[in-house]
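I opened the notebook to record what I looked up, one topic at a time. The entries follow the order in which I checked things.

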Amino acid sequence: MKNRITSLFGIQYPIIQAGMVWCSGWKLASAVSNAGGLGVIGAGSMYPEVLLEHIQKCKKATSKPFAVNVPLLYPGVEHVLDIIVAEGVKIVFTSAGNPASWTGFLKEKGIIVVHVIANTKFALKAEACGVDAIVAEGFEAGGHNGREETTTICLIPMIKAAVKIPVIAAGGIGSGSAMLAAFALGAEGVQVGSAFAVAEESSAHPNFKHKIVESAEGDTKLRMKKLVPVRLLKNEFADAIATAEAEGANAEELKQLLGRARAKLGMFEGNMAEGELEIGQVSAMLRDIKPAAVILKEMWEGFLREKEFLAAMKF
């Protein structure tokens, strides 16, 4: 496919692997890029020196384009961006912060900038800041989520109507048919998280991967709305959060319950009871752990198959 997204990134397929904390290391990013998509290293769970190692290993593992995702609100973001510039990374996805703070700096260095948003207000702001494309992430997505709780099927056409730059759809996309639906709504690419979280190359703990593929409909809920809304897979920690919220816990009490390194405990270290397990609603549709290249291939072939089916329909 040739469109504004494949041309912008220099990739074969308009499929972008999301920059997920504790899942998106160099192995996953390079595997997705080698398969024709855009692999993304998730800097949100990495100290600067760890990120440097992952970027250098990714450059050795693939000659194709890859990106780094940078949550702008995290401490020490300037050190992370200095490493990205020094290592010659060509594409940066920014999230969780004001795009005005660093977009100009990155653009001056010749870096393609994509910003993640969850509403029209911030889509327009990102466009005004000069980003090259935006990721519009719906309520179905895993991890930190928009407070508006707007679903992907409603969000994409609203964002498409509001901006002129390319729109990448995210949230609930784990199949070729979902990808085709996103394109029908106006997207020119898709960002896929949960489906790649269970890839063989994902740095997520095997316990977490197995819990994802064993999950069922309704096993994820949006929690911690008084802090930053986050979609969590059901476990003892998520139940404790739900109980606290039902009893009227304030933001400070939720912060105390959350503690430190809770996501690392679950997603990376494999504690399925007490860890914070961030994953999207599409987890209920994922049933296998397989190579990233297979996941991408199946999604693309499913997209083409559904597209041909619709073209053959007589309406």
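Predicted model: local features only at pLDDT ≥ 70, side-chain atom pairs only at ≥ 80, totals over all residues.

Against which helices and strands do the buried residues of helix 4 pack?

**Entry: helix 4**

I looked up the partners and found helix 3 (48-61), strand 3 (66-71), strand 4 (91-95) and helix 5 (103-108). The buried residues in helix 4 (residues 77-86) are Val77, Val80, Leu81, Ile83 and Ile84. They lie on the same side of helix 4, because they cover an arc of only 155° around the axis. I then looked at what follows helix 4 and found Gly88, with a positive phi near 75°.

In general, nonpolar side chains of soluble globular proteins tend to be buried together. The largest nonpolar core here has 76 residues, and Ile15, Ile84, Ile134 and Phe196 touch the most other members. Helix 14 gives this core its largest share, six residues. A second, separate core has 16 residues, including Ala67, Ile91, Phe93 and Ile168.

I picked Phe196 and listed its contacts, leaving aside neighbours within four places in sequence. Among them are Ile15, Met20, Leu28, Val32 and Ile295. Gln17 and Ser202 are also in contact with Phe196.

**Entry: helix 14**

Is Ala311 buried or exposed? Ala311 is found in helix 14 (residues 292-312). I read a relative accessible area of 67% for Ala311; exposed means over 50%, so Ala311 is exposed. I also checked Ala311 against Thr94: they are 217 residues apart in sequence, and their C-alpha atoms are 36 Å apart in space.

Leu310 lies in helix 14 too. Leu310 counts as partly exposed, because its relative accessibility is 43%. Together with Phe309 and Met313, Leu310 makes a nonpolar surface patch of about 280 Å².

**Entry: salt bridges**

How many salt bridges does the structure hold? I found ten.

In one of them, Lys107 pairs with Asp132, and the closest N and O atoms are 2.7 Å apart. This pair links distant parts of the chain: Lys107 is in helix 5, and Asp132 is in the loop between helix 6 (120-128) and strand 6 (133-137), 25 residues apart. Lys107 has a relative accessible area of 34%, so I wrote it down as partly exposed.

Glu298 pairs with Lys290, again with 2.7 Å between the closest N and O atoms. I listed Glu298 as partly exposed at 40%, and Lys290 as partly exposed at 21%.

Glu301 and Lys297 form another salt bridge, with 2.8 Å between the closest N and O atoms. They are four residues apart in helix 14, so about one helical turn separates them. Glu301 is partly exposed at 35%, and Lys297 is partly exposed at 47%. Elsewhere, salt bridges that share partners join Arg4, Lys160 and Glu188 into one network.

**Entry: positive phi**

Most residues other than glycine have a negative phi. I looked for exceptions. Glu149 has a positive phi near 60°, and it lies in the loop between strand 7 (143-144) and helix 7 (152-162). Its relative accessibility of 32% makes Glu149 partly exposed.

Ala261 also has a positive phi, about 60°, although it is not a glycine. I found Ala261 in the loop between helix 12 (251-258) and helix 13 (262-268). Ala261 is exposed, because its relative accessible area is 51%.

Technical notes. Residues numbered from 1 in each chain as written. Heavy atoms only, no water. Helix = DSSP H or I, 4+ residues; strand = E, 2+ residues; numbered from the N terminus. Buried < 20%, exposed > 50% of the residue type's maximum accessible area, 1.4 Å probe, protein only. Arc of directions from axis to C-beta. Contact = heavy atoms within 4.5 Å. Core = buried A, V, L, I, M, F, W, Y, C linked by side-chain atoms within 4.5 Å. Patch = residues over 30% accessible without salt bridge, like charges linked within 9 Å, V, L, I, M, F, W, Y side chains within 5 Å. Areas by Shrake-Rupley, 256 points an atom, 1.4 Å probe, with all protein chains shown as cover. Salt bridge = Lys/Arg side-chain N within 4 Å of Asp/Glu carboxyl O.
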